[in-house]
Amino acid sequence: MKMRIYSLIAKEFPFFLVMPALIWQVLFFYVPLLWIVYLSITHVGAPFFNFTLAHYTGLFEAAFFKIIARSLFLAFVNAVICLLIAYPIAYFAARSPRNWRNFFLFLLILPFWTSFVVHVYAWFYVLDTNGLINSTLLKIGLIKEPLAMVNTLFAVFLVMIYCYLPFMVMPLYSALEKFNWTLLEASMDLGATPAKTFFKITVPMTLPSIKTGFFLVFVPSFGEFVIPALLGGSKKMYVGSLIYHYFLVARDAVTGAAFTCLSSLILVAACLIIAWGFRKIFAGSGGVAQ
Amino acid sequence: MRPWYSKAILPTFVGLAYLFLYIPIIVLVVLSFNAVALNLGWQGFSLQWYYELFTSAEIWQALTNSLVVAFCAVALSLLMSVVLVCYGSPLLHSIRWFFYGTLIVPEVVLAVSLLSVFSFLSIPLGLTTLIVSHVLLGLGYTVPIVYARYISLDNRLLEASLDLGATPTQTFFKITLPLLAPALLASSLLVFIISLDDFILSFFCSGATAQTLPMFIFSVIRSGSSPVVNALSTVMLMISSVLVFIFCALQARTRIL
C-alpha cells in the first residue's frame, strides 16, 4: 500500500512541481484583475452577484474624458517622439563596429536600469530655477530671468521621453542588428535615393519592432503617475494620478475600480486603432520587405 | 553628390542623445560631492553627505527592506519558473503567454487590483505583500528567459544522460541545471534590478510600514530636495552599473536574450 502511494506521488510529482508558478500567476494577477472588474459592476455591501452599472454613470462626464484624452495625448506624443529619437540611435549602434556595439548598448541601458525615481529627482537639478539650464543660460546672457520649467507640461514631456527612450531603442536595435545591409546596396544600385531606400526598405523591414517599441512606450506612459505628480504641478490630472487619488487618498475603491476599467477599455481601443493605423500606413510597402 | 556634412548628421544626433541621457546623472553625481546643501552651484568638495547617508537609520532600514524583497523575489520567481519549464508538459509550455500579462498591463492597474484584493481579504500590507507583488513581477521575466534557453538546449544530451542510467533527478541537477546556468544568472540579475528599482507596485502594496529605497526617495522629493539623496542615488547608480555590466558581459557571451 505504502509503496503504491510512493509510486503514485513519484508519477505525479512533476504536476505538483509545476503548479506553484501557475497558482501564483492566477491568484495574484488574474484574480485581482477580475476582482477590479467585479468591484466596478456590483452594488456596495450587497450580496454577491448583484450587478449594477451605477458606478459608471457618474463617470460619463466631460471632466473624466478630458483626463483620459490628456493621458492618451501624452502617451501618444511620447511614443512618437521616442520613436523619432530612438531610431537614429539604434541605427547608429547597429551599424557601428562589433566591438563598439556592446559599449553603446551598455551606455544606453545603464540609465534604464537605475531607478527612475532617481532620474526624476536628477532632472530637478537640471530644470530648476537655479538649475543647470537656467544658470548656464543666465551666464551666457541668453536670458535675463530664469525660465520656469518645473511644474510645466514641457518638464513632464522631457522626463517622460527620457525615462521611456530605452524601451523604444531595445527592440529597434535587436531588429537592426540582424538587418541584412546588402539590401540597401541593392536598392541604391537599382537607382533609389537614400531617402527612398530608407522608407521602402529599412522601415518596412523593421516594422514589427517599431510596433513593439511603440506599444512598450505607449501603454505604460498612459498609466504613468510618478512623473506628472512630481514634475507636472498639481493642477493637471492624468489617468494614473486619478487612480492613485481614488485608491490611496479618497479611499473610494469602487469608483476607482470603475474608472480603472473605463480607462483600460479606452486604452485597448486606442491600441487597436493605432495597430490599424500601422497596417494602413504600411499596407503597400510590406510587399517589398518580403 | 552628397554634401560633406551628411556623414556627420547621424553621429552628432546620437552624441546629443547620449548627452541628454547622461546630463542629469552627471549633475546628480557631481552635486553629491558638493559642500553646501542648497542648489547654488559648486561650492567645494566634501564627503559629508556620504557620512550622513551611512549613519541614517531610516535609509538603512529602507535598504534592508529593498534587499530582502529583491532577494525573495529573485529566489521564488526563479525556483518556480525553473520547475515549471523543466517539469512542465507541452500543454503547460503552450500556455506560457499566461505569464506575459504582467508586462502588458499598466503597472498602476496591476497595483490597484492587488491592493483592492489585499484590502478585501483584510491582509495587512507590509513586507509579505511587497514580496508577493515583486515575485509576480519577476515571473513575467524569468519564465520567458528560462524557457527560451531550455528549448534551445540540445535534447540529445538529456537523452544520453538518461540512457546511461542517470535518474531524472540526477539528469536535472547534473545536466539541465548547469546548461541553464547563464539564463538563470541573467534573469536573476534582471529581476533583482527591477525589484530594487520598482516604485509603483511597492508604493501601493507596502502600506506605511515597509518602506523601500525608491519610496524613500519619492517622499524626500515631495518635501524638497536633500543632498543625502544625491549621495544615496550615486551609490544606487554604482550598484546598478556594476550589475548591468555583468549582465551585458553575460549577454554578449551567451546571447540569451
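The model is predicted: local features need pLDDT of at least 70, side-chain atom pairs count only at pLDDT 80 or more, and totals for chains, interfaces and linings use all residues. Residues are numbered from 1 along each chain as its sequence is written, chains are lettered from A and ligands numbered from 1 in the order in which they are written, and side-chain values use heavy atoms, with hydrogens and water left out.

**Helices α3 and α13 of chain A**

- Helix α3 (residues 62-95) and helix α13 (residues 253-281) of chain A have axes that come within 11 Å and cross at roughly 40°.
- Axes here are lines fitted to C-alpha atoms, for helices over the stretch in contact, with angles running from 0 to 180 degrees between N-to-C directions; helices (H or I, at least four residues) and strands (E, at least two) are DSSP runs, numbered from the N terminus.
- The crossing of α3(A) and α13(A) is right-handed, the term for a near helix turned clockwise from the far one by less than a right angle, with anticlockwise giving left-handed.
- On the α3(A) side the contact (heavy atoms within 4.5 Å) is made by F64(A), F65(A), I67(A), I68(A), L72(A) and F76(A), which meet F259(A), L262(A), S263(A), I266(A), A270(A) and I274(A) of α13(A).
- This contact has 11 nonpolar residues, one polar and no charged, where Ala, Val, Leu, Ile, Met, Phe, Trp, Tyr, Cys and Pro count as nonpolar, Asp, Glu, Lys and Arg as charged, and the others, Gly among them, as polar.
- I266(A), in α13(A), touches F65(A), I68(A) and L72(A) when residues up to four places away in sequence are not counted.

**Helices α4 and α7 of chain A**

- The axes of α4(A) and α7(A) come within 9 Å and cross at roughly 150°, and the crossing is left-handed.
- R101(A), L105(A), L108(A), I109(A), P111(A) and F112(A) of α4(A) make the contact with Y162(A), P166(A), F167(A), V169(A), M170(A), Y173(A) and E177(A) of α7(A).
- By class, 11 of these residues are nonpolar, none polar and two charged.
- R101(A) and E177(A) form a salt bridge through their side chains (3.8 Å, N to O); the term requires a side-chain nitrogen of Lys or Arg within 4 Å of a carboxyl oxygen of Asp or Glu.
- R101(A) lies in α4 (residues 98-112) and E177(A) in α7 (residues 153-177) of chain A, so the pair ties together parts that are 76 residues apart in sequence.

**A loop residue of chain A**

- A192(A) is in the loop between α8 (182-189) and α9 (194-205) of chain A.
- Its contacts, leaving aside neighbours within four places in sequence, are S187(A) and T197(A).
- A192(A) and F222(A) are 30 residues apart in sequence and 39 Å apart in space, C-alpha to C-alpha.

**Helices α2 and α3 of chain B**

- Helix α2 (residues 48-55) and helix α3 (residues 57-87) of chain B have axes that come within 5 Å and cross at roughly 65°.
- L53(B), F54(B) and T55(B) of α2(B) meet A57(B), I59(B) and W60(B) of α3(B), a set of five nonpolar residues, one polar and no charged.

**Between the chains**

- In the interface, 75 residues of chain B are in contact with 68 residues of chain A.
- The area buried between the chains (accessible area, 1.4 Å probe, that two parts lose on being put together, summed over both) is about 6800 Å², of which carbon and sulfur atoms give 82%.
- There are zero salt bridges between chain B and chain A, and two over all chains.
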